[in-house]
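Student: I would like a close look at a single part of this structure. Please go through it step by step.

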Number of protein chains: 2
Amino acid sequence: MNILQSPREIQQTADALRREGKRIGLVPTMGYLHEGHASLIRIARAKSDIVITTIFVNPMQFAPGEDFSRYPRDLERDKKIAKSAGTDILFTPTSDDIYPRDFNSQVYVDNLSTLLEGKFRPMHFRGVTTIVAKLFHLTKPSLAVFGQKDIQQAVIIRKMVKDLDFGIEIIIGPTVREPDGLAMSSRNVYLTESERKQSTVLHRSLRQAETDIHAGERNAGTITGKMIEMISAQPSARIDYVSVSDPVNLQDVATLRSSSEVIVSLAVRFGSTRLIDNIIVPVP
Amino acid sequence: MNILQSPREIQQTADALRREGKRIGLVPTMGYLHEGHASLIRIARAKSDIVITTIFVNPMQFAPGEDFSRYPRDLERDKKIAKSAGTDILFTPTSDDIYPRDFNSQVYVDNLSTLLEGKFRPMHFRGVTTIVAKLFHLTKPSLAVFGQKDIQQAVIIRKMVKDLDFGIEIIIGPTVREPDGLAMSSRNVYLTESERKQSTVLHRSLRQAETDIHAGERNAGTITGKMIEMISAQPSARIDYVSVSDPVNLQDVATLRSSSEVIVSLAVRFGSTRLIDNIIVPVP
(Lines give C-alpha, C1' and ligand atoms only; values in the text may rest on other atoms or scores of the structure.)
Protein backbone atom coordinates (compact mmCIF):
# COMPACT_ATOMS: atom_id res chain seq x y z
CA MET A 1 0.00 0.00 0.00
CA ASN A 2 1.29 3.37 -1.09
CA ILE A 3 0.76 6.32 1.30
CA LEU A 4 0.51 9.81 -0.20
CA GLN A 5 0.01 13.09 1.58
CA SER A 6 0.32 15.71 -1.15
CA PRO A 7 -2.78 16.65 -3.21
CA ARG A 8 -0.64 17.29 -6.31
CA GLU A 9 1.00 13.88 -5.98
CA ILE A 10 -2.27 11.94 -5.66
CA GLN A 11 -3.75 13.89 -8.58
CA GLN A 12 -0.80 13.07 -10.83
CA THR A 13 -0.92 9.45 -9.73
CA ALA A 14 -4.67 9.21 -10.39
CA ASP A 15 -4.33 10.95 -13.79
CA ALA A 16 -1.64 8.47 -14.82
CA LEU A 17 -3.75 5.50 -13.66
CA ARG A 18 -6.75 6.76 -15.63
CA ARG A 19 -4.60 7.10 -18.73
CA GLU A 20 -3.61 3.45 -18.27
CA GLY A 21 -7.33 2.63 -18.37
CA LYS A 22 -7.50 1.73 -14.67
CA ARG A 23 -10.83 1.92 -12.88
CA ILE A 24 -10.34 3.77 -9.58
CA GLY A 25 -12.61 3.15 -6.58
CA LEU A 26 -12.60 5.79 -3.84
CA VAL A 27 -13.49 5.38 -0.15
CA PRO A 28 -13.43 8.75 1.65
CA THR A 29 -13.22 8.47 5.44
CA MET A 30 -12.40 10.58 8.49
CA GLY A 31 -10.16 7.80 9.79
CA TYR A 32 -10.29 5.91 13.12
CA LEU A 33 -11.31 3.04 10.88
CA HIS A 34 -13.56 0.21 12.03
CA GLU A 35 -15.18 -2.79 10.37
CA GLY A 36 -17.77 -0.48 8.75
CA HIS A 37 -15.02 1.32 6.82
CA ALA A 38 -13.29 -1.98 6.05
CA SER A 39 -16.50 -3.29 4.47
CA LEU A 40 -16.67 -0.20 2.21
CA ILE A 41 -13.04 -0.70 1.16
CA ARG A 42 -13.80 -4.33 0.33
CA ILE A 43 -16.76 -3.23 -1.84
CA ALA A 44 -14.47 -0.82 -3.72
CA ARG A 45 -11.85 -3.60 -3.99
CA ALA A 46 -14.34 -5.91 -5.68
CA LYS A 47 -15.42 -3.30 -8.23
CA SER A 48 -12.18 -1.44 -9.09
CA ASP A 49 -8.66 -1.94 -10.36
CA ILE A 50 -7.21 0.53 -7.86
CA VAL A 51 -8.67 1.38 -4.45
CA ILE A 52 -7.89 4.79 -2.97
CA THR A 53 -8.89 5.27 0.67
CA THR A 54 -8.68 8.79 2.09
CA ILE A 55 -8.32 9.78 5.73
CA PHE A 56 -9.10 13.39 6.50
CA VAL A 57 -10.97 14.83 9.47
CA ASN A 58 -12.60 17.67 7.56
CA PRO A 59 -12.83 20.84 9.68
CA MET A 60 -15.30 22.42 7.21
CA GLN A 61 -18.05 19.97 8.15
CA PHE A 62 -17.82 20.62 11.90
CA ALA A 63 -19.52 23.63 13.50
CA PRO A 64 -17.87 25.55 16.33
CA GLY A 65 -18.65 23.60 19.51
CA GLU A 66 -18.88 20.24 17.71
CA ASP A 67 -16.30 17.50 18.24
CA PHE A 68 -13.66 18.38 15.63
CA SER A 69 -10.77 18.75 18.04
CA ARG A 70 -11.57 15.62 20.06
CA TYR A 71 -12.54 13.47 17.03
CA PRO A 72 -10.58 10.22 17.55
CA ARG A 73 -7.43 9.66 15.47
CA ASP A 74 -5.11 6.63 15.16
CA LEU A 75 -3.22 6.71 11.87
CA GLU A 76 -1.01 3.69 12.59
CA ARG A 77 -3.98 1.42 13.24
CA ASP A 78 -5.82 2.96 10.25
CA LYS A 79 -2.94 2.02 7.95
CA LYS A 80 -3.20 -1.64 8.99
CA ILE A 81 -6.99 -1.78 8.57
CA ALA A 82 -6.92 0.07 5.23
CA LYS A 83 -4.21 -2.21 3.90
CA SER A 84 -5.74 -5.48 5.01
CA ALA A 85 -9.15 -4.49 3.54
CA GLY A 86 -7.51 -3.98 0.14
CA THR A 87 -6.45 -0.33 -0.18
CA ASP A 88 -3.82 0.34 -2.86
CA ILE A 89 -3.28 4.02 -2.09
CA LEU A 90 -3.93 5.69 1.25
CA PHE A 91 -4.30 9.49 0.97
CA THR A 92 -3.72 11.33 4.25
CA PRO A 93 -3.54 15.06 3.56
CA THR A 94 -3.15 17.72 6.23
CA SER A 95 -5.67 20.49 6.75
CA ASP A 96 -3.21 23.00 5.27
CA ASP A 97 -2.85 20.79 2.18
CA ILE A 98 -6.61 20.81 1.63
CA TYR A 99 -7.54 24.31 2.80
CA PRO A 100 -4.82 26.86 2.03
CA ARG A 101 -5.22 30.13 3.90
CA ASP A 102 -7.16 31.93 1.13
CA PHE A 103 -9.53 29.01 0.43
CA ASN A 104 -12.94 30.43 -0.38
CA SER A 105 -15.01 28.09 -2.57
CA GLN A 106 -17.84 25.76 -1.85
CA VAL A 107 -20.09 23.19 -3.45
CA TYR A 108 -23.64 23.17 -2.18
CA VAL A 109 -26.71 21.00 -2.75
CA ASP A 110 -29.76 23.03 -1.84
CA ASN A 111 -32.90 21.68 -0.08
CA LEU A 112 -31.51 18.22 0.75
CA SER A 113 -28.83 19.88 2.90
CA THR A 114 -31.37 21.69 5.09
CA LEU A 115 -33.47 18.67 6.10
CA LEU A 116 -32.98 16.12 8.94
CA GLU A 117 -29.30 16.44 10.00
CA GLY A 118 -29.22 19.82 8.21
CA LYS A 119 -31.70 21.26 10.72
CA PHE A 120 -29.32 20.48 13.57
CA ARG A 121 -26.05 20.99 11.67
CA PRO A 122 -26.83 23.85 9.23
CA MET A 123 -23.38 24.14 7.57
CA HIS A 124 -22.46 20.45 7.82
CA PHE A 125 -23.35 19.22 4.34
CA ARG A 126 -21.79 22.25 2.66
CA GLY A 127 -18.54 21.06 4.22
CA VAL A 128 -19.19 17.49 3.12
CA THR A 129 -20.02 18.27 -0.52
CA THR A 130 -17.07 20.64 -0.81
CA ILE A 131 -14.50 18.15 0.51
CA VAL A 132 -15.98 15.28 -1.51
CA ALA A 133 -15.88 17.38 -4.71
CA LYS A 134 -12.21 18.13 -3.98
CA LEU A 135 -11.45 14.45 -3.33
CA PHE A 136 -13.24 13.49 -6.55
CA HIS A 137 -11.10 15.99 -8.50
CA LEU A 138 -7.92 14.76 -6.83
CA THR A 139 -8.51 11.02 -7.18
CA LYS A 140 -10.54 10.80 -10.45
CA PRO A 141 -12.58 7.76 -9.41
CA SER A 142 -14.99 5.75 -11.55
CA LEU A 143 -16.90 4.86 -8.39
CA ALA A 144 -16.99 5.95 -4.76
CA VAL A 145 -18.37 4.05 -1.77
CA PHE A 146 -20.17 5.68 1.17
CA GLY A 147 -21.74 4.05 4.21
CA GLN A 148 -25.47 3.78 4.70
CA LYS A 149 -25.10 4.90 8.31
CA ASP A 150 -24.64 8.43 6.93
CA ILE A 151 -27.55 7.97 4.54
CA GLN A 152 -28.32 11.68 4.08
CA GLN A 153 -24.69 12.32 3.16
CA ALA A 154 -24.84 9.53 0.56
CA VAL A 155 -28.12 10.82 -0.91
CA ILE A 156 -26.75 14.38 -1.12
CA ILE A 157 -23.51 13.24 -2.75
CA ARG A 158 -25.47 11.21 -5.29
CA LYS A 159 -27.50 14.35 -6.08
CA MET A 160 -24.35 16.49 -6.35
CA VAL A 161 -22.84 13.96 -8.75
CA LYS A 162 -25.98 13.98 -10.90
CA ASP A 163 -26.49 17.77 -10.86
CA LEU A 164 -22.85 18.63 -11.54
CA ASP A 165 -22.17 15.78 -14.00
CA PHE A 166 -19.26 14.24 -12.11
CA GLY A 167 -19.84 10.96 -13.96
CA ILE A 168 -18.97 8.89 -10.88
CA GLU A 169 -20.98 5.89 -9.65
CA ILE A 170 -21.99 6.28 -5.99
CA ILE A 171 -22.34 3.02 -4.09
CA ILE A 172 -23.96 2.87 -0.66
CA GLY A 173 -22.50 0.12 1.54
CA PRO A 174 -24.65 -1.48 4.26
CA THR A 175 -24.25 -0.41 7.87
CA VAL A 176 -22.08 -2.73 9.94
CA ARG A 177 -23.29 -3.27 13.51
CA GLU A 178 -21.89 -4.44 16.81
CA PRO A 179 -23.27 -7.81 18.02
CA ASP A 180 -25.89 -5.95 20.10
CA GLY A 181 -27.06 -3.91 17.07
CA LEU A 182 -25.34 -0.55 17.65
CA ALA A 183 -24.19 0.87 14.32
CA MET A 184 -20.40 1.03 14.16
CA SER A 185 -19.15 4.61 14.40
CA SER A 186 -15.85 6.21 15.28
CA ARG A 187 -17.85 8.28 17.78
CA ASN A 188 -18.95 5.23 19.80
CA VAL A 189 -15.70 5.52 21.80
CA TYR A 190 -17.10 8.68 23.41
CA LEU A 191 -19.86 6.71 25.18
CA THR A 192 -19.63 5.91 28.88
CA GLU A 193 -20.38 2.33 29.86
CA SER A 194 -23.91 3.23 30.86
CA GLU A 195 -24.56 5.25 27.70
CA ARG A 196 -23.18 2.41 25.60
CA LYS A 197 -25.72 0.02 27.13
CA GLN A 198 -28.58 2.47 26.62
CA SER A 199 -27.55 3.16 23.01
CA THR A 200 -28.74 -0.28 21.86
CA VAL A 201 -32.25 1.15 21.99
CA LEU A 202 -31.56 2.94 18.69
CA HIS A 203 -31.34 -0.20 16.65
CA ARG A 204 -34.15 -1.85 18.62
CA SER A 205 -36.42 1.12 17.84
CA LEU A 206 -35.53 0.90 14.13
CA ARG A 207 -36.27 -2.83 14.13
CA GLN A 208 -39.59 -2.08 15.83
CA ALA A 209 -40.44 0.40 13.03
CA GLU A 210 -39.56 -2.22 10.43
CA THR A 211 -41.78 -4.78 12.17
CA ASP A 212 -44.65 -2.30 12.31
CA ILE A 213 -44.31 -1.40 8.61
CA HIS A 214 -44.18 -5.05 7.62
CA ALA A 215 -47.30 -5.63 9.74
CA GLY A 216 -49.14 -3.00 7.69
CA GLU A 217 -48.73 0.21 9.70
CA ARG A 218 -48.94 3.17 7.26
CA ASN A 219 -49.10 6.15 9.61
CA ALA A 220 -45.63 7.63 10.08
CA GLY A 221 -46.69 9.37 13.28
CA THR A 222 -47.70 6.08 14.85
CA ILE A 223 -44.39 4.49 13.84
CA THR A 224 -42.20 7.32 15.11
CA GLY A 225 -44.38 7.75 18.20
CA LYS A 226 -43.60 4.22 19.32
CA MET A 227 -39.89 4.72 18.60
CA ILE A 228 -39.80 7.96 20.59
CA GLU A 229 -41.46 6.20 23.52
CA MET A 230 -38.86 3.40 23.46
CA ILE A 231 -35.90 5.76 23.17
CA SER A 232 -37.19 8.19 25.81
CA ALA A 233 -37.34 5.34 28.32
CA GLN A 234 -33.51 5.44 28.41
CA PRO A 235 -32.53 8.00 31.05
CA SER A 236 -29.57 9.53 29.14
CA ALA A 237 -31.26 9.72 25.72
CA ARG A 238 -32.13 13.13 24.23
CA ILE A 239 -33.81 12.90 20.82
CA ASP A 240 -32.92 15.38 18.03
CA TYR A 241 -35.28 13.74 15.54
CA VAL A 242 -36.95 10.50 14.55
CA SER A 243 -38.15 10.58 10.97
CA VAL A 244 -39.79 8.61 8.19
CA SER A 245 -38.67 10.12 4.90
CA ASP A 246 -38.47 9.63 1.14
CA PRO A 247 -35.18 7.97 0.03
CA VAL A 248 -34.64 10.41 -2.87
CA ASN A 249 -35.91 13.83 -1.79
CA LEU A 250 -35.63 13.17 1.99
CA GLN A 251 -38.97 14.87 2.60
CA ASP A 252 -41.00 13.64 5.58
CA VAL A 253 -43.53 10.99 4.65
CA ALA A 254 -46.83 11.24 6.56
CA THR A 255 -48.59 8.20 5.10
CA LEU A 256 -46.52 5.32 3.72
CA ARG A 257 -47.44 4.22 0.19
CA SER A 258 -47.47 0.53 -0.79
CA SER A 259 -44.56 -0.59 -2.98
CA SER A 260 -42.49 2.46 -2.04
CA GLU A 261 -39.41 2.59 0.14
CA VAL A 262 -38.85 4.80 3.16
CA ILE A 263 -35.88 5.77 5.27
CA VAL A 264 -36.50 5.53 8.99
CA SER A 265 -33.78 7.62 10.60
CA LEU A 266 -32.91 9.15 13.93
CA ALA A 267 -30.40 11.29 15.77
CA VAL A 268 -30.13 10.90 19.52
CA ARG A 269 -27.72 12.37 22.04
CA PHE A 270 -26.40 10.33 24.96
CA GLY A 271 -24.60 12.79 27.22
CA SER A 272 -22.22 14.69 24.94
CA THR A 273 -22.28 12.02 22.22
CA ARG A 274 -24.60 12.41 19.24
CA LEU A 275 -25.43 9.18 17.41
CA ILE A 276 -27.30 8.69 14.13
CA ASP A 277 -28.73 5.54 12.60
CA ASN A 278 -31.23 4.52 9.95
CA ILE A 279 -32.78 1.68 8.01
CA ILE A 280 -34.26 1.62 4.52
CA VAL A 281 -37.55 -0.25 4.55
CA PRO A 282 -39.53 -1.51 1.56
CA VAL A 283 -43.23 -0.86 2.20
CA PRO A 284 -45.19 -4.04 1.30
CA MET B 1 -16.15 19.01 -36.79
CA ASN B 2 -18.38 16.76 -34.69
CA ILE B 3 -21.49 18.34 -33.13
CA LEU B 4 -22.84 16.82 -29.91
CA GLN B 5 -25.86 17.86 -27.91
CA SER B 6 -26.18 15.23 -25.21
CA PRO B 7 -24.20 15.63 -21.96
CA ARG B 8 -23.79 11.87 -21.61
CA GLU B 9 -22.43 11.60 -25.15
CA ILE B 10 -19.83 14.36 -24.73
CA GLN B 11 -18.76 12.90 -21.39
CA GLN B 12 -18.23 9.44 -22.88
CA THR B 13 -16.39 10.95 -25.83
CA ALA B 14 -14.14 13.02 -23.55
CA ASP B 15 -13.48 10.05 -21.25
CA ALA B 16 -12.43 7.94 -24.22
CA LEU B 17 -10.15 10.70 -25.55
CA ARG B 18 -8.48 11.07 -22.15
CA ARG B 19 -7.86 7.33 -22.02
CA GLU B 20 -6.15 7.64 -25.40
CA GLY B 21 -3.83 10.19 -23.79
CA LYS B 22 -5.32 13.14 -25.70
CA ARG B 23 -4.96 16.63 -24.26
CA ILE B 24 -8.36 18.35 -24.45
CA GLY B 25 -8.67 22.16 -24.70
CA LEU B 26 -12.05 23.67 -23.79
CA VAL B 27 -13.53 27.00 -24.93
CA PRO B 28 -16.86 27.66 -23.18
CA THR B 29 -18.99 30.33 -24.93
CA MET B 30 -22.55 31.60 -25.03
CA GLY B 31 -22.48 31.54 -28.84
CA TYR B 32 -23.08 34.35 -31.34
CA LEU B 33 -19.39 33.92 -31.97
CA HIS B 34 -17.13 36.74 -33.10
CA GLU B 35 -13.43 37.16 -33.71
CA GLY B 36 -12.84 37.32 -29.94
CA HIS B 37 -14.17 33.78 -29.53
CA ALA B 38 -12.31 32.63 -32.64
CA SER B 39 -9.05 33.87 -31.12
CA LEU B 40 -9.71 31.82 -27.94
CA ILE B 41 -10.41 28.72 -30.04
CA ARG B 42 -7.14 29.27 -31.91
CA ILE B 43 -5.26 29.49 -28.58
CA ALA B 44 -6.83 26.17 -27.49
CA ARG B 45 -6.01 24.71 -30.92
CA ALA B 46 -2.32 25.57 -30.52
CA LYS B 47 -2.10 23.98 -27.06
CA SER B 48 -4.31 20.86 -27.32
CA ASP B 49 -4.84 17.67 -29.27
CA ILE B 50 -8.62 18.06 -29.26
CA VAL B 51 -10.53 21.37 -29.05
CA ILE B 52 -14.03 21.31 -27.60
CA THR B 53 -16.03 24.53 -28.01
CA THR B 54 -19.32 24.79 -26.12
CA ILE B 55 -22.27 27.02 -26.96
CA PHE B 56 -24.79 27.47 -24.18
CA VAL B 57 -26.64 30.61 -23.15
CA ASN B 58 -26.68 29.83 -19.44
CA PRO B 59 -29.94 30.95 -17.82
CA MET B 60 -28.45 30.55 -14.33
CA GLN B 61 -26.09 33.51 -14.82
CA PHE B 62 -28.83 35.95 -15.87
CA ALA B 63 -30.99 37.72 -13.30
CA PRO B 64 -34.71 38.32 -13.94
CA GLY B 65 -34.91 41.46 -16.08
CA GLU B 66 -31.50 40.91 -17.67
CA ASP B 67 -31.14 40.05 -21.36
CA PHE B 68 -31.40 36.24 -21.30
CA SER B 69 -34.39 35.99 -23.64
CA ARG B 70 -33.09 38.52 -26.17
CA TYR B 71 -29.44 37.36 -26.03
CA PRO B 72 -28.45 37.00 -29.72
CA ARG B 73 -28.28 33.50 -31.18
CA ASP B 74 -27.14 32.23 -34.61
CA LEU B 75 -26.12 28.59 -34.44
CA GLU B 76 -25.52 28.13 -38.17
CA ARG B 77 -23.03 30.99 -38.32
CA ASP B 78 -21.49 29.81 -35.02
CA LYS B 79 -20.81 26.38 -36.54
CA LYS B 80 -18.85 27.94 -39.39
CA ILE B 81 -16.77 30.20 -37.13
CA ALA B 82 -16.10 27.42 -34.59
CA LYS B 83 -15.02 25.03 -37.31
CA SER B 84 -12.79 27.44 -39.18
CA ALA B 85 -11.03 28.49 -35.95
CA GLY B 86 -10.13 24.85 -35.29
CA THR B 87 -12.87 23.26 -33.16
CA ASP B 88 -12.96 19.45 -33.23
CA ILE B 89 -16.13 18.99 -31.18
CA LEU B 90 -18.92 21.55 -30.82
CA PHE B 91 -21.12 20.93 -27.77
CA THR B 92 -24.54 22.60 -27.99
CA PRO B 93 -26.73 21.32 -25.15
CA THR B 94 -30.26 22.53 -24.46
CA SER B 95 -31.27 24.11 -21.17
CA ASP B 96 -33.21 20.94 -20.26
CA ASP B 97 -30.08 18.87 -20.92
CA ILE B 98 -28.07 20.98 -18.50
CA TYR B 99 -30.67 21.84 -15.86
CA PRO B 100 -33.17 19.00 -15.32
CA ARG B 101 -36.28 20.07 -13.42
CA ASP B 102 -34.99 19.05 -9.97
CA PHE B 103 -31.53 20.63 -10.43
CA ASN B 104 -30.45 22.10 -7.12
CA SER B 105 -26.67 22.31 -6.77
CA GLN B 106 -24.22 25.13 -7.06
CA VAL B 107 -20.54 25.93 -7.00
CA TYR B 108 -19.65 29.24 -5.42
CA VAL B 109 -16.46 31.26 -4.96
CA ASP B 110 -16.98 33.62 -2.06
CA ASN B 111 -15.66 37.21 -1.84
CA LEU B 112 -14.46 37.49 -5.45
CA SER B 113 -18.05 36.96 -6.63
CA THR B 114 -19.40 39.91 -4.64
CA LEU B 115 -17.00 42.58 -5.95
CA LEU B 116 -17.17 44.74 -9.13
CA GLU B 117 -19.68 42.99 -11.44
CA GLY B 118 -20.95 41.06 -8.41
CA LYS B 119 -22.24 44.29 -6.84
CA PHE B 120 -24.48 44.87 -9.85
CA ARG B 121 -25.22 41.22 -10.69
CA PRO B 122 -25.33 39.49 -7.26
CA MET B 123 -26.14 35.95 -8.48
CA HIS B 124 -24.22 36.14 -11.76
CA PHE B 125 -20.94 34.44 -10.84
CA ARG B 126 -22.71 31.65 -8.93
CA GLY B 127 -24.31 30.80 -12.29
CA VAL B 128 -20.96 31.08 -14.07
CA THR B 129 -18.98 28.87 -11.68
CA THR B 130 -21.75 26.26 -11.59
CA ILE B 131 -22.03 25.93 -15.38
CA VAL B 132 -18.24 25.96 -15.83
CA ALA B 133 -17.84 23.22 -13.19
CA LYS B 134 -20.42 21.15 -15.07
CA LEU B 135 -18.68 21.75 -18.41
CA PHE B 136 -15.33 20.79 -16.85
CA HIS B 137 -16.84 17.53 -15.59
CA LEU B 138 -18.44 16.80 -18.96
CA THR B 139 -15.46 17.60 -21.17
CA LYS B 140 -12.49 16.63 -18.94
CA PRO B 141 -10.12 19.29 -20.32
CA SER B 142 -6.42 19.72 -19.56
CA LEU B 143 -6.82 23.43 -20.25
CA ALA B 144 -9.63 25.92 -20.76
CA VAL B 145 -9.46 29.33 -22.42
CA PHE B 146 -11.45 32.37 -21.28
CA GLY B 147 -11.44 35.91 -22.66
CA GLN B 148 -9.83 38.81 -20.85
CA LYS B 149 -12.86 40.97 -21.59
CA ASP B 150 -14.63 39.05 -18.81
CA ILE B 151 -11.59 39.36 -16.55
CA GLN B 152 -13.46 38.89 -13.26
CA GLN B 153 -15.01 35.68 -14.59
CA ALA B 154 -11.56 34.40 -15.55
CA VAL B 155 -10.07 35.31 -12.15
CA ILE B 156 -12.95 33.62 -10.32
CA ILE B 157 -12.71 30.47 -12.43
CA ARG B 158 -8.98 30.30 -11.81
CA LYS B 159 -9.70 30.54 -8.05
CA MET B 160 -12.39 27.86 -8.28
CA VAL B 161 -9.99 25.56 -10.09
CA LYS B 162 -7.33 26.11 -7.44
CA ASP B 163 -9.65 25.83 -4.43
CA LEU B 164 -11.49 22.75 -5.68
CA ASP B 165 -8.45 21.01 -7.22
CA PHE B 166 -9.86 20.68 -10.74
CA GLY B 167 -6.31 20.31 -12.08
CA ILE B 168 -7.11 22.33 -15.23
CA GLU B 169 -4.90 25.07 -16.66
CA ILE B 170 -6.85 28.32 -17.13
CA ILE B 171 -5.60 30.49 -19.98
CA ILE B 172 -6.77 34.08 -20.39
CA GLY B 173 -6.87 35.16 -24.05
CA PRO B 174 -6.39 38.86 -24.95
CA THR B 175 -9.42 41.02 -25.75
CA VAL B 176 -10.06 41.45 -29.47
CA ARG B 177 -11.21 44.93 -30.45
CA GLU B 178 -13.00 46.60 -33.35
CA PRO B 179 -10.80 48.98 -35.39
CA ASP B 180 -12.08 51.91 -33.29
CA GLY B 181 -11.17 50.15 -30.04
CA LEU B 182 -14.54 48.83 -28.84
CA ALA B 183 -14.07 45.39 -27.25
CA MET B 184 -15.83 42.72 -29.30
CA SER B 185 -18.93 41.44 -27.54
CA SER B 186 -22.03 39.59 -28.65
CA ARG B 187 -23.98 42.36 -26.93
CA ASN B 188 -22.60 45.10 -29.22
CA VAL B 189 -25.45 44.32 -31.67
CA TYR B 190 -27.86 45.85 -29.15
CA LEU B 191 -26.31 49.32 -29.59
CA THR B 192 -28.05 52.00 -31.67
CA GLU B 193 -25.88 53.83 -34.19
CA SER B 194 -25.45 56.78 -31.83
CA GLU B 195 -24.68 54.56 -28.83
CA ARG B 196 -22.16 52.61 -30.92
CA LYS B 197 -20.28 55.86 -31.68
CA GLN B 198 -20.32 56.97 -28.06
CA SER B 199 -19.16 53.53 -26.85
CA THR B 200 -15.63 54.10 -28.20
CA VAL B 201 -15.06 56.29 -25.14
CA LEU B 202 -14.67 53.14 -23.04
CA HIS B 203 -11.45 52.05 -24.67
CA ARG B 204 -10.21 55.65 -24.93
CA SER B 205 -10.72 56.08 -21.19
CA LEU B 206 -8.82 52.84 -20.49
CA ARG B 207 -5.96 53.99 -22.73
CA GLN B 208 -5.94 57.30 -20.87
CA ALA B 209 -5.58 55.42 -17.57
CA GLU B 210 -2.71 53.41 -19.00
CA THR B 211 -0.99 56.58 -20.19
CA ASP B 212 -1.44 58.19 -16.76
CA ILE B 213 -0.04 55.14 -14.94
CA HIS B 214 2.95 54.97 -17.28
CA ALA B 215 3.51 58.67 -16.65
CA GLY B 216 3.78 57.96 -12.93
CA GLU B 217 0.28 58.59 -11.58
CA ARG B 218 -0.19 56.44 -8.44
CA ASN B 219 -3.49 57.72 -7.08
CA ALA B 220 -6.36 55.49 -8.23
CA GLY B 221 -8.92 58.21 -7.53
CA THR B 222 -7.16 60.59 -9.89
CA ILE B 223 -7.00 57.94 -12.60
CA THR B 224 -10.65 56.89 -12.34
CA GLY B 225 -11.76 60.50 -11.88
CA LYS B 226 -10.39 61.42 -15.29
CA MET B 227 -12.00 58.32 -16.83
CA ILE B 228 -15.37 59.14 -15.28
CA GLU B 229 -15.14 62.67 -16.65
CA MET B 230 -14.41 61.36 -20.18
CA ILE B 231 -17.19 58.77 -20.11
CA SER B 232 -19.76 61.12 -18.58
CA ALA B 233 -19.24 63.53 -21.48
CA GLN B 234 -21.10 61.02 -23.69
CA PRO B 235 -24.82 61.83 -23.40
CA SER B 236 -26.09 58.19 -23.33
CA ALA B 237 -23.46 56.82 -20.93
CA ARG B 238 -24.47 55.73 -17.41
CA ILE B 239 -21.56 54.43 -15.33
CA ASP B 240 -22.02 51.38 -13.06
CA TYR B 241 -18.38 51.46 -11.93
CA VAL B 242 -14.85 52.45 -12.91
CA SER B 243 -12.28 50.62 -10.83
CA VAL B 244 -8.58 50.06 -10.25
CA SER B 245 -8.18 46.66 -8.60
CA ASP B 246 -5.76 43.92 -7.70
CA PRO B 247 -5.49 41.20 -10.38
CA VAL B 248 -5.66 38.33 -7.88
CA ASN B 249 -8.03 39.35 -5.07
CA LEU B 250 -9.92 42.00 -7.11
CA GLN B 251 -9.90 44.39 -4.15
CA ASP B 252 -9.88 48.11 -4.95
CA VAL B 253 -6.41 49.59 -5.01
CA ALA B 254 -6.19 53.14 -3.62
CA THR B 255 -2.49 53.77 -4.22
CA LEU B 256 -0.70 51.90 -6.99
CA ARG B 257 2.50 50.14 -5.94
CA SER B 258 5.57 50.10 -8.21
CA SER B 259 6.30 46.76 -9.91
CA SER B 260 2.77 45.55 -9.29
CA GLU B 261 0.00 45.02 -11.82
CA VAL B 262 -3.51 46.45 -11.69
CA ILE B 263 -6.75 45.81 -13.51
CA VAL B 264 -8.47 48.98 -14.70
CA SER B 265 -12.06 47.96 -15.39
CA LEU B 266 -15.43 49.51 -16.04
CA ALA B 267 -19.09 48.77 -16.64
CA VAL B 268 -21.14 51.39 -18.46
CA ARG B 269 -24.71 51.33 -19.76
CA PHE B 270 -25.64 52.91 -23.08
CA GLY B 271 -29.43 52.92 -23.20
CA SER B 272 -30.47 49.34 -22.38
CA THR B 273 -27.06 47.88 -23.26
CA ARG B 274 -24.53 47.22 -20.53
CA LEU B 275 -20.90 47.01 -21.68
CA ILE B 276 -17.81 45.98 -19.73
CA ASP B 277 -14.15 46.38 -20.58
CA ASN B 278 -10.76 46.32 -18.86
CA ILE B 279 -7.02 46.44 -19.28
CA ILE B 280 -4.26 44.93 -17.16
CA VAL B 281 -1.52 47.48 -16.59
CA PRO B 282 1.98 46.85 -15.21
CA VAL B 283 2.86 49.66 -12.81
CA PRO B 284 6.40 50.89 -13.60
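Student: How many of the six residues of strand β3 (residues 50–55) of chain A are buried, and why is the strand described as largely enclosed?

Tutor: This is a predicted model, in which local features need pLDDT of at least 70 and side-chain atom pairs count only at pLDDT 80 or more, while totals for chains, interfaces and linings use all residues. Residues are numbered from 1 along each chain as its sequence is written, and chains are lettered from A and ligands numbered from 1 in the order in which they are written.

Six of the six residues of β3(A) are buried, so the strand is largely enclosed by the rest of the structure. Buried means that 20 or more other C-beta atoms, placed from the backbone, lie within 10 Å of the residue's own. Strands here are DSSP runs of E with at least two residues, and helices are runs of H or I with at least four, numbered from the N terminus. I50(A), I52(A) and T54(A) point one way from β3(A), whereas V51(A), T53(A) and I55(A) point the other way.

Next come the strands that pair with β3(A). Two strands pair if DSSP finds at least two bridges between them. Strand β2 (residues 24–29) of chain A runs parallel to β3(A) and is joined to it by six bridges; within this pair, P28(A) has T54(A) as its bridge partner. Strand β4 (residues 89–91) of chain A also pairs with β3(A) in the parallel sense, over three bridges, and here T53(A) is partnered by L90(A).

β2(A), helix α2 (residues 35–47) of chain A and β3(A) form a right-handed β-α-β unit. Right-handed means that, with the strands pointing away from the viewer, the path from the first strand over the helix to the second runs clockwise. Another right-handed β-α-β unit is made by β3(A), helix α3 (residues 75–85) of chain A and β4(A).

For context, consider the contact between the chains. 25 residues of chain A are in contact with 25 residues of chain B, where contact means that C-beta atoms, placed from the backbone, lie within 7 Å. The largest share of the side of chain A that touches chain B, five residues, comes from β5(A). β5(A) pairs with strand β5 (residues 105–109) of chain B in the antiparallel sense over five bridges, and Q106(B) is the bridge partner of Y108(A).

Technical notes
Contact = placed C-beta atoms within 7 Å. Buried ≥ 20, exposed ≤ 12 C-beta atoms within 10 Å, placed from the backbone.
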